[in-house]
Amino acid sequence: MAFFRGSPRDVSTYRSKAEEVAGRFDADRRREAASLIRATTPAAASRLEEVIGGGGVFVTTGQQPGLFTGPLYTIYKILHAVRLAAALEPVLERPVAPLFWIASDDHDWEEANHVHVLDRENVLHRVTLADAPDAPPASMRNRVLGPSVEATLDEFIQHLPTTEFADGFVELLRSAYRPGRTVAEAFTDVIAGVCAPFDLLLVDGGQPRLKALAAETVERELERSAAHEELLAAQARRLEEHGYAVQVPVLEGATNVFYEDDQGRERIFRDPERPAGFVLRRTGRRFDADALRALLAAEPERFSANVVLRPVVENVVLPTVAYVGGPGEVAYLGQLKPLFEAHGIGMPVVVPRSSVTVIERKIAKVLERFDLDVDAFRRPAHEVAARVLREELPESVTSAVAALREALAGGYDRLMRAAREIDPTLKGPLEGARNASQVQLSEVEKKIAHHLKLRNDVGIEQLDKARANLFPDGNPQERVLNIFQYLVRYGPELLAEIAGRMDVRLGAEAAGVR
């Protein structure tokens, strides 16, 4: 745990962070934080007041807006944060609430513009939202949905099952994803609707008020970008020395800040031609340090943190005790401890999110039939099929047929010897009967083989169905499929069922002590 604050199972790790947060957030700063946050329900609003007024903290998680909520893991991160907040409250003896950070500043359109869904025939479809080919790389907060979103949503909906739950979820999607709304607005509304039963709190990381509160941190990052680059590079080297891969490359001359205007969002670099200047990587526009500082003071909404600085900004503006992240996030957060310290704060407790695989009954039956587990489908399809299916007749069948053929031959030989003593002319009819019996036995053998092939064909089809559900496109289900595929089939109670199975045990309980 040298690269993190401490173990996410150790209660003392959370307590030390909560104490640090209490020292940094007075009543005014807490009220500022509350002004940034959207409550999804009246109960969530009351909970927010308890956190702000009662010296509480947040368990946060976050994600760039994805089409129709994107892959399953977005929802799983939220559910884990919900469960962890509930588990922490009694041990920290203060209000703890789950908070979802909407990374609306992100501009990775190729990641955000599509969703995958399995249709009723278990065929995987990639549904993609078209965009103008010459559109600048705008953040999701500024990218406006065009008329094509309606056809894209229709395409998505047609692949969903028709159930008693469908109408409510379809209405939620249609109310959110309309022309003229931004990608971030639509995503936020759907997350709010889906997660309302958990009284979730939301914060838009790109909102102007938050940018204003983060401006001092952004200014410090720009002023000290060279020194911070060295800190991050040294941490990257330490990670590699311990055998870990560096998830976010440390680019020479790059700051951890983006600038956005009508020409799009682009990263700010130190200008190699002017020691006190900066240059925008894509368009080549240049600023001296004073001009950039003045622009930040006047229009902080134009500036945003990159993936490295974003966690620091979050912990500056919000009383955060822990962050729930996926495997990639946990890996790159291990790079950031020196950057947090350079900004005068400690890291939050980094908590790996629960990994979830939904196994529907139809898929469970396939696993049971072939005595397989989910991990078996990590292997190539032909290897799985070869393990559980056989093209040849089972040995029990071939040995039984061989024994019967031998018995028929021996029996007819004895019968013909006995019949010759009665009438030699019986040899011909008996040979015909023997040959006919052998032909019939061969036909029986062919029928058995045919049924085996049919069974194998059905088995291959069932294995393919299981693979499409568990490892669609060769990737884990949670990284590909969308939550509405399951919500429409099983209803909103499914989320509580999933959340209830997540392991958020702490301290002695995590070690198995009861």
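Helix 12 (residues 310–317) is largely enclosed by the rest of the structure, because 8 of its 8 residues are buried. This is a predicted model. The buried residues of helix 12 are R310, P311, V312, V313, E314, N315, V316 and V317. Charged R310 and E314 are among them.

**Around F25**

Leaving out residues up to four places away in sequence, F25 touches R30, N315, V316, V317, L318 and P319. F25 is found in the loop between helix 1 and helix 2 (27–35). Is F25 buried or exposed? Its relative accessible area is 4%, under the 20% cut-off, so F25 counts as buried. The ring of F25 also carries a charge over it: the charged end of R29 sits 4.3 Å from the ring centre. G55 lies 30 residues from F25 along the chain, and their C-alpha atoms are separated by 8.5 Å.

**Aromatic rings**

R265 lies over the face of F258, at 4.0 Å from the ring centre.

How many aromatic pairs does a search of the whole structure find? The number is 7. One of them joins Y259 and F303 in an edge-to-face arrangement, with 5.3 Å centre to centre and 70° between the planes. Separately, F68, F156 and Y177 form one aromatic cluster.

**Helix 1 against helix 4**

Two packed helices are described by the angle between their axes and the distance between the axes. For helix 1 (residues 11–24) and helix 4 (residues 72–92), the axes come within 11 Å and cross at roughly 80°. The two helices are therefore roughly perpendicular to each other. Which residues meet at this crossing? Helix 1 supplies V11, Y14 and R15; helix 4 supplies L84, L88, V91 and L92. By class, the contact has 6 nonpolar, no polar and 1 charged residues.

L506 contacts residues from both sides of this crossing. Beyond its neighbours within four places in sequence, L506 is in contact with P8, R9, V11, Y14, L84, A87, L88 and V91. V11 and Y14 are in helix 1, while L84, L88 and V91 are in helix 4. L506 itself is found in the loop between helix 20 (493–500) and helix 21 (507–510). L506 is buried, at a relative accessible area of 9%. R285 is 221 residues from L506 in sequence and 51 Å away in space, C-alpha to C-alpha.

Another residue of helix 4 is H80. H80 is buried, with a relative accessible area of 3%. Neighbours within four places aside, H80 is in contact with V324, V351, P352, R353, S354, M502, D503 and V504.

**Accessibility at a glance**

| Residue | Relative accessible area |
|---|---|
| F25 | 4% |
| H80 | 3% |
| L506 | 9% |

How values were computed:
Residues are numbered from 1 along each chain as its sequence is written. This is a predicted model: local features need pLDDT of at least 70, side-chain atom pairs count only at pLDDT 80 or more; totals for chains, interfaces and linings use all residues. Side-chain values use heavy atoms; hydrogens and water are left out. Rings of Phe, Tyr and Trp (its six-membered ring) pair if their centres lie within 6.5 Å; planes under 30 degrees apart count as stacked, over 60 as edge-to-face and the rest as tilted. A charge sits over a ring if NZ of Lys or CZ of Arg is within 6 Å of the ring centre and within 35 degrees of the ring normal. Axes are lines fitted to C-alpha atoms, for helices over the stretch in contact, and angles run from 0 to 180 degrees between N-to-C directions. Helices (H or I, at least four residues) and strands (E, at least two) are DSSP runs, numbered from the N terminus. Angles under 35 degrees count as roughly parallel, over 145 as roughly antiparallel, 65 to 115 as roughly perpendicular and the rest as oblique. Contact means heavy atoms within 4.5 Å. Ala, Val, Leu, Ile, Met, Phe, Trp, Tyr, Cys and Pro count as nonpolar, Asp, Glu, Lys and Arg as charged, and the others, Gly among them, as polar. Buried means under 20% relative accessible area, exposed over 50%, partly exposed in between (1.4 Å probe, protein chains only).
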